[in-house]
Structures are given as C-alpha cells and as structure tokens.
Amino acid sequence: MTDSTTPAPERTLVLVKPDGVRRGLSGEILRRIEAKGYTLTAVELKNATPEVLAAHYAEHEGKPFYAPLVEFMLSGPVLAVVAEGQGVIAGFRSLAGATDPTAALPGTIRGDLGRDWGLKVQQNLVHGSDSVESAEREIGLWFPAL
Ligand code: UDP
C-alpha cells in the first residue's frame, strides 16, 4: 500500500538482448538480479519493433553503431524485465559491468558471460536504464500498461 508519504519504489528496465536469449542465458541473468535482492515485477519475452527501438536508442541515432545495433536488436526476441528496489538503477548497471564485454570485470554479467565476437556491434547481453528519467521512459516504451 502506498500513500503520499511513501516514495514510489525505484525501478529499472532491463533487457536480455537477443544474444543472451539465443545463448540460453535469460535464467542466469534473472537469477543474478534476484540473488542481489531486487524484485522482478514484470518479465516478458518480446519481439522488438523498429518504432520501439528508435525511441529506446534515440540518443544514439547518427552514431556508426546505430544501424547495426537496431538490426541486432531485431534479430530475435528480447526478454524485457522491470526490476525494483532501492538503488536498482545503479545496482543493475554494476551487475551488468562495462559496455565492452572484453573490458567488463569478472563477477559481472558481461565480464563472466560475454566476449568479443568480432562483430560490428558490442553483443553485450543486457541493457539497463541509466537514470530515473530513462527508466520511467523505457518502462513506458516496453510495458505501456505499467
Ligand atoms: N554499442 C556498440 N558500440 C559502441 C557503443 C555501444 O555496439 O561503440 C552498443 C552496445 O550494445 C551498447 C549499446 O550500443 O550496449 C548502447 O550503448 P551505451 O553507450 O548506452 O552502453 P550501455 O549503457 O548499454 O552500457
């Protein structure tokens, strides 16, 4: 039960990208989020659309990796997840590790499970929102009912 004195719980949008789903790593990634103590409040396998991706990655439009990134994100289903808990936005980004899976530290999702596949795009298994504003915007894109 929430009322005007109870702050809304922090939430973040996590995507297990098509490489993670294809490699059968969805369960392992969800396990790590739950083991950290966050709560999964929505989990749904979805096919991304060009419209959702254009909005989701609007800040990257025009960069050299943008078109291959969108193509990669359309290459198979993604697992869209809303995770909740105090500090979950920064906490999940710590769990995910650095963008480049070669540089990501062991102990992180990208460091333990990812590598350089010699492709045009960093296939780095997961996305996590980077601020409260991004999280609310991205949750609205992937889960319009939430
Ligand atoms: N990306 C890429 N090449 C780059 C930078 C980013 O392929 O040089 C891809 C990568 O999949 C990354 C996504 O674009 O996860 C979004 O980039 P961002 O800098 O927001 O990284 P993130 O927040 O996902 O770590």
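This report walks through the sheet, the nonpolar core and the annotated domain of a predicted model.

## Ground rules

Residue numbers start from 1 along each chain as its sequence is written. Because the model is predicted, local features need pLDDT of at least 70 and side-chain atom pairs count only at pLDDT 80 or more, while totals for chains, interfaces and linings use all residues.

## The sheet

Let's start with the strands (DSSP runs of E, at least two residues, numbered from the N terminus, as are helices, which are runs of H or I of at least four). Four of them make an open antiparallel sheet, ordered β2-β3-β1-β4. At its edges sit β2 (39-46) and β4 (126-128), each pairing on one side only. Two strands count as paired if DSSP finds at least two bridges between them.

β1 (residues 11-16) runs antiparallel to β4, with three bridges joining the two. Within this pairing, Val14 has Gly128 of β4 as its bridge partner.

## The nonpolar core

The largest nonpolar core holds 27 residues, and Val14, Leu15, Val16, Ala83 and Val126 have the most contacts inside it. Such a core is a set of buried Ala, Val, Leu, Ile, Met, Phe, Trp, Tyr and Cys residues joined through C-beta atoms within 7 Å; buried means that 20 or more other C-beta atoms lie within 10 Å of the residue's own, with C-beta atoms placed from the backbone. β3 gives the largest share, six residues.

## The annotated domain

UniProt, in an unreviewed entry, lists residues 9-146 as "domain: Nucleoside diphosphate kinase-like"; such annotations may be inferred rather than shown by experiment, and positions follow the numbering used here, with feature names shortened. This span is 40% helix and 17% strand, and its end C-alpha atoms lie 14 Å apart.

Definitions and conventions: A residue is buried if 20 or more other C-beta atoms lie within 10 Å of its own, exposed if 12 or fewer, and partly exposed in between; C-beta atoms are placed from the backbone.
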